[in-house]
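Q: Hi, I have a structure open and want to go through it with you. Can we start with the part to be careful about?

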Amino acid sequence: MGAGQDHSPEPGQGDIKKDREQTANIADKSLAQSGALAVQDAANSYRDMNTLLTTASGVALANFIETGDAQYLKALDTINHQAQASKNNFIDLYMQVNQARQGNQKNSDLDKAAKKEDGNPAETGTVVKD
């Protein structure tokens, strides 16, 4: 580079870009925290549902043993289907949160790569000497 060529950003532009990056980082952390809270809430609901279904299974089994009535076996089958549905709902939510987190990370990585490819020394951290 020849003497007198200055590659520094215009006054104030570096601050704007830095603010945008900080805002994006805050948004990424907020989304990650929201996802983590959603998964935690779903895990608590799943655990509560399993407690309820386990209790219902115990009652149905005890009633079947006491009475010999086959309707209690049907109730056990229904309870098992509900437990499976509860598990599938938890897995679906977890996968959606995980995919959103990974997609957000990929977008962040792509933004960083694009900044490096455009060659602007102020964005890449490259020092240009005259």
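Q: What should I do with coordinates where pLDDT is low?
A: Where pLDDT is low, the predicted coordinates should not be read in detail.

Q: Which helix has the lowest confidence, and which the highest?
A: Confidence is lowest in helix H3, residues 121-124, with a mean of 47. Helix H1 is the highest, at 90.

Q: And what is the mean for the protein?
A: The mean pLDDT is 80. Of the residues, 69% reach 70 or more.

Q: OK, new topic. How many helices and strands are there?
A: Three helices and zero strands. From the N terminus on, the order is α-α-α.

Q: How much of the protein is buried?
A: Buried residues make up 9% of the 130 residues.

Q: What share of the contacts between residues at least 6 apart joins residues at least 24 apart?
A: That share is 68%.

Q: Let's look at rings. How many aromatic pairs are there?
A: The structure holds one. Tyr-46 and Phe-90 form it, and the pair is stacked. The centres are 5.6 Å apart, with 15 degrees between the planes.

Q: Why does that count as stacked?
A: The planes are 15 degrees apart. Planes under 30 degrees apart count as stacked, so this pair qualifies.

Q: How accessible are Tyr-46 and Phe-90?
A: Tyr-46 is partly exposed, at 24% relative accessible area. Phe-90 is also partly exposed, at 22%.

Q: What does Ser-86 touch, apart from residues up to four places away?
A: Ser-86 touches Tyr-46 and Met-49. Ser-86 is found in helix H2.

Q: Is Ser-86 buried or exposed?
A: Ser-86 is buried, with a relative accessible area of 11%.

Q: Now Ile-79. Where is that one?
A: Ile-79 is in helix H2. At 11% relative accessibility, Ile-79 counts as buried.

Q: What is Ile-79 in contact with, leaving aside neighbours within four places?
A: Ile-79 is in contact with Leu-53, Ala-56 and Ser-57.

Q: How far is Ile-79 from Asn-50?
A: They are 9.8 Å apart, C-alpha to C-alpha. In sequence, 29 residues separate them.

Q: And how far is Ala-75 from Phe-64?
A: Their C-alpha atoms are separated by 9.9 Å. Along the chain, they are 11 residues apart. Ala-75 is in helix H2, and at 28% relative accessibility Ala-75 counts as partly exposed.

Q: Last one: which residues form a nonpolar patch on the surface?
A: Ile-91, Tyr-94 and Met-95 form one. Together they have about 270 Å² of accessible area. Ile-91 sits in helix H2. Ile-91 is partly exposed, with 38% relative accessible area.

How values were computed: Residues numbered from 1 in each chain as written. Predicted model: local features only at pLDDT ≥ 70, side-chain atom pairs only at ≥ 80, totals over all residues. Heavy atoms only, no water. Phe/Tyr/Trp six-rings, centres within 6.5 Å; stacked < 30°, edge-to-face > 60°. Buried < 20%, exposed > 50% of the residue type's maximum accessible area, 1.4 Å probe, protein only. Helix = DSSP H or I, 4+ residues; strand = E, 2+ residues; numbered from the N terminus. Contact = heavy atoms within 4.5 Å. Patch = residues over 30% accessible without salt bridge, like charges linked within 9 Å, V, L, I, M, F, W, Y side chains within 5 Å. Areas by Shrake-Rupley, 256 points an atom, 1.4 Å probe, with all protein chains shown as cover. Salt bridge = Lys/Arg side-chain N within 4 Å of Asp/Glu carboxyl O. pLDDT = per-residue confidence, 0-100.
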